[in-house]
Amino acid sequence: MARVLVTARLPGHSTERLAADHDLTYRDVDAPMPRDDLLVRVAGVDAVVAVLVDRVDAELLDAAGSQLRVVANVAVGYDNVDLAACAERDVVVTNTPGVLTDATADIAMALVLMTTRGLGAAERRVRTGEPWGWSLTGHLGTSLRGRTLGIVGPGAIGLATARRAKAFGMEILLTGRSEPDRRAVEGLGALVVGLPEVLRESDVVSLHCPLTPETRHLIAADELRAMKRTAHLVNTSRGPVVDEGALVAALESGEIAGAGLDVYEEEPHVHPGLLQRDDVVLLPHVGSATVETRSAMADLAVDNVLAVLSGGDPLSPVRG
Ligand code: DGY
């Protein structure tokens, strides 16, 4: 009987399908598995269902042993997985694309609205009991209609965010490593341009690219300086795509107007310079956090494991 390790609590009932025909070690705990524990528990398993805070590297693969066949990451991002080390050992890697597109695009759009309307600060004001009263000039944000949203990384989530922004009357610029789907671009009436133009022309820049060596600190001091002083930055991709220190400096010196962040460079640590600022909105990496989406992600990860262990093709393999 194949052995499967699930490193953290999964929403829904997908583990029941694993338990039916496999020897399942299910860690029914929300918090990430401590590394030492993970290295012990992984020994001898045929499949690992991992979450994005589990580092799947050569050390872990060696601790697992040569029988390991599949690592199913319950996330669309897979920067926690060393693809080359997996390929060397013939370990299949899978992720969960598609099922989290809408939930994550919803949060990106929520951050666009929150940062451009200053809703974080406004909410804090009411909650902390600070005196307030309606006035014509209080809490003035900026409107979205006619403004430009620059999408960096026009994959499924980036395009879904653009569609939402379009419905709010925004113009769309797209930039990324690969050509976006032409029909989607036409439907949005979007322009595909280079990153410098996106930075220069956008009123909101929203990041949707994967974290790779090329995209680490893609947005750093120079890029922030290139943005409009009235512009906002939104990040729902991965924290290290933005140089957080440079972002704090750019906000401090008024090089940009605000930011909406769901992800951070050293999660769960947040740069103290961000915590103090009223012109940033900070969410705790909740892009895909709906009951429906997280259950679908767990189901897809389990489907991938079941497919590989039964000798079939994975449904959503990651190709390195
Ligand atoms: C992902 O799937 O990569 C998300 O960040 C998880 O919420």
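**Exercise 1.** How much area is buried between domain 1 and domain 2, and what share of it do carbon and sulfur atoms give?

*Solution.* Keep in mind that this model is predicted. Start with the bounds: domain 1 covers 3–97 + 291–309, and domain 2 covers 101–282. Next, take the centres over C-alpha atoms, which are 32 Å apart. The area buried between domain 1 and domain 2 comes to about 390 Å², with 54% given by carbon and sulfur atoms. On the side of domain 1, L52, D79 and T293 lose the most area to domain 2, together 75% of what that side buries.

**Exercise 2.** Which residues surround the ligand?

*Solution.* Begin with the list: L52, A75, V76, G77, L100, R238, H285, S288, R294 and M297. Sort this shell by class, and you get 5 nonpolar, 3 polar and 2 charged residues. Now go through some distances to oxygen atoms of the ligand:

- S288, through a side-chain N or O atom: 2.6 Å.
- H285, through a polar side-chain atom: 2.8 Å.
- G77, through a backbone N or O atom: 2.9 Å.

Finish with the area: alone, the ligand exposes 230 Å², and the protein buries 92% of that.

Technical notes:
Residues numbered from 1 in each chain as written. Predicted model: local features only at pLDDT ≥ 70, side-chain atom pairs only at ≥ 80, totals over all residues. Heavy atoms only, no water. Near = heavy atom within 4 Å. Polar contact = N/O pair within 3.5 Å; in protein donor to acceptor, adjacent residues only side chain to side chain. Areas by Shrake-Rupley, 256 points an atom, 1.4 Å probe, with all protein chains shown as cover. Nonpolar A, V, L, I, M, F, W, Y, C, P; charged D, E, K, R; others polar. Domains from an automatic or database assignment. Buried area = accessible area lost by both parts, 1.4 Å probe.
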